[in-house]
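Here is a short report for a first look at a protein chain. Keep the sequence and the 3D view open while reading.

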Amino acid sequence: MLPSSARWWPPLRAAALGAVLVVVMTAPTLTRLTTVGRFDTNDGLFSIWNIAWIDHALLTAPASLLNANIFYPHTGTLAYSELNLVAGLFGLPWYAATHHSAVAALNGAVGVALWLAFVAMWALVRRLSGSDGAGLVSATAFTFCPYVGARTAHIQLLMIFVFPLVLLAFHRLRESPTPQRGVALGLALAVAALSCGYYGIFAGCALTWMVLAFADRSGRYWGAIAVSAAVVAAAVWPVFHAFATARAQSGAAPPSYVGNELPAWSANVSAYLASSSIAHEWWLPALKRWRPWKDVLFPGIGLLALTGVGTTVAWRSGSATRRVLVAYLTLAALAVWASFGPRLGLYRALEYVIPGMGLIRAPGRFGILVACALAVIAGFGVARLSKARAWVPWVLVAVIAAELGVKTQEWGWPSWPLSPVPAVSRVYRKLPNLPPGVLVEFLFPYQRATYHFHARAMYWSTYHWLPLVNGYSDIIPQDFDRIAIPINAFPDPESFEIMKARNVRYVLWHLDDYQSAGRDVLQTRITRYGQYLRPVVIASDAWLYEIVQWPGNDGGAARANVPGQAAGG
């Protein structure tokens with residue numbers, strides 16, 4: 001039996017190295033935890049809001065988790081897009097420890113997810129190759145691959161830890177097919193499904209292939225697989241049912257991407273040459289001239305080279321290792337095939353047999369499975385190279401980390417493309433101290449193509465959590481489309497009726513969104529309806545008013561719209 005230090009030292013070393021690399025490679029995500037984020041993109045703002053809402057709800061009203069504070073008076077609005085429940089749990093300690101900083105919750109969740117990806121890939125490769133050092137190299141190549149660097153605005157797409165987690169659980173089951181390991185595999189796949197809808201489907205596809213590739217006639221094997229299937233169904237079904245019910249109650253047709261939109265989000269040849277890493281940017285101009293890429297899926301030069309070595313080594317090894325090699329090479333090939341979308345056939349076939357495939361808009365994201373499979377194969381090459389040279393893995397970790405670093409002008413190298421937290425307006429400092437009520441922010445984007453700009457109001461709502469009429473998600477309620485244009489005329493008779501129907505109390509105008517002529521028109525309207533509106537904050541950047549009564553109720557109570565129970569209050 002190995003001494004305790006010999007058993008625990010490799011996992012501790014991997015965990016420590018992973019933590020250091022995550023801090024360095026994603027800087028300033030964790031080094032400026034509360035002060036930076038993807039504020040340059042609405043998807044980044046949406047991610048910050050999404051994680052913060054989950055954490056806010058878990059700490060204040062867990063039973064109302066799905067009733068996010070957007071699209072008021074609709075309920076269940078968190079389910080109109082990815083739930084991101086696992087990322088929300090990852091962010092919860094950071095949210096609580098920083099006095100409810102939405103940015104810290106998101107950044108903390110990113111750090112935890114990538115650290116888990118490193119540790120899980122290390123454990124997977126170590127188990128298959130028998131080499132601690134090989135696991136460290138493969139974990140570095142996978143965790144910081146260019147795919148990850150290109151998706152810093154999408155928290156759900158950073159949950160890549162689920163792939164090595166599911167594969168590790170499968171190989172443990174394959175070695176000893178017990179009911180307990182079947183439960184572990186089912187829970188791992190459930191975590192994948194609850195981390196990201198895309199990745200739940202992708203991990204299920206990868207697992208199905210592995211189950212078939214390593215199948216035998218043992219009843220214990222198939223019994224353990226059956227246990228895992230039952231566990232994942234039991235764990236995911238309640239959440240999926242609540243998710244689907246909330247979407248159905250929105251009144252909007254669920255999005256389906258089986259038509260003409262899929263090719264635009266499918267991979268092409270140049271996608272597998274496109275990279276977000278500084279070491280690869282020199283060839284991007286020529287690549288763009290040859291054929292613009294539709295995604296960023298290049299695995300990395302170091303990973304490709306080590307995969308070549310690993311393929312040779314594994315093929316010359318025993319039949320068991322060769323079987324692993326063939327399984328992962330085939331997985332990579334199938335993932336490439338599926339990533340090209342419906343035009344090459346495999347993706348279309350998957351639509352017929354896998355529930356939920358019609359909800360996937362971007363087949364190109366199958367490319368993360370390619371990086372995962374290649375990282376496993378590369379581990380066999382590193383294991384051979386490091387047999388007589390213990391220093392080789394450490395050199396390779398440094399070389400691959402240097403290759404995959406992302407550089408931005410804002411922070412230097414290595415760094416992620418993050419921006420400082422914008423200054424907080426007096427309006428948002430005032431709103432949390434006001435009586436609860438429904439809020440509308442203007443300008444109110446009114447075209448489908450511009451709805452994503454509502455993410456700005458959603459981000460700022462993390463400072464007050466009042467319910468918003470504004471909203472942005474995959475699902476758009478039908479009545480939102482109907483009000484989007486006329487509400488922008490507020491205050492006027494029709495828009496007052498819209499406000500009254502939604503029990504709106506506060507109205508906020510961002511003056512930077514208006515040219516001088518537009519401000520004059522707005523001021524004229526406000527003056528005309530001044531008896532119904534009370535100024536709360538009049539600042540250089542924003543005007544905040546309270547609706548104190550409704551037209552036609554002039555002789556009634558001073559406050560005609562009592563706020564009542566608000567979804568995000």
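With which residue does Arg13 form a salt bridge? The partner is Asp132, and the closest N and O atoms are 3.9 Å apart. A salt bridge here is a side-chain nitrogen of Lys or Arg within 4 Å of a carboxyl oxygen of Asp or Glu. Arg13 lies in helix α1 (residues 4-25) and Asp132 in helix α5 (residues 132-143), so the pair ties together parts 119 residues apart in sequence.

Arg13 is partly exposed, at 23% relative accessible area. Asp132 is also partly exposed, at 21%. Buried means under 20% relative accessible area, exposed over 50%, and partly exposed in between (1.4 Å probe, protein chains only). Arg13, Arg126 and Asp132 are linked in a network of salt bridges.

## About the model

This is a predicted model, in which local features need pLDDT of at least 70, side-chain atom pairs count only at pLDDT 80 or more, and totals for chains, interfaces and linings use all residues. Residues are numbered from 1 along each chain as its sequence is written, and side-chain values use heavy atoms, with hydrogens and water left out.

## Overall build

The protein chain has 21 helices and six strands. Helices (H or I, at least four residues) and strands (E, at least two) are DSSP runs, numbered from the N terminus. The C-alpha atoms fill a box of roughly 90 × 50 × 50 Å along the principal axes. A compact globule of 569 residues would have a radius of gyration near 25 Å; the protein chain has 26 Å, which agrees. That radius is taken over C-alpha atoms, and the globule rule is 2.2 Å times the number of residues to the power 0.38.

Buried residues make up 57% of the 569 residues. Among contacts with a separation of 6 or more, 73% join residues 24 or more positions apart. Contact means heavy atoms within 4.5 Å.

## More charged pairs

Side chains of opposite charge can pair when their charged atoms come close. The structure holds 11 salt bridges. One of them joins Arg38 and Asp40, with the closest N and O atoms 2.8 Å apart. Arg38 is buried, at 17% relative accessible area.

Glu546 and Arg534 meet in another salt bridge, at 2.5 Å from N to O. Glu546 is in strand β6 (residues 542-547) and Arg534 in strand β5 (residues 533-538), 12 residues apart. Glu546 is buried at 6% relative accessibility, whereas Arg534 is partly exposed at 40%.

## Around Leu396

Leu396 lies in helix α16 (residues 392-404). This residue is buried, at 18% relative accessible area. Leaving aside neighbours within four places in sequence, Leu396 is in contact with Val137, Leu306 and Val382. Leu396 and Ile487 are 91 residues apart in sequence and 58 Å apart in space, C-alpha to C-alpha.

## Backbone exceptions

Most residues other than glycine have a negative phi, and most peptide bonds are trans. A cis peptide bond joins Ala27 and Pro28, with omega about 5 degrees. Pro28 lies in the loop between α1 and β1 (36-37). Another cis bond joins Phe490 and Pro491, with omega about 0 degrees. Pro491 is in the loop between α19 (478-483) and α20 (493-501).

Phe71 has a positive phi, near 55 degrees. Phe71 sits in the loop between α2 (42-60) and α3 (85-97), and is buried at 1% relative accessible area. Asn503 has a positive phi, near 55 degrees. Asn503 is in the loop between α20 and β4 (504-510), and counts as buried at 18%.
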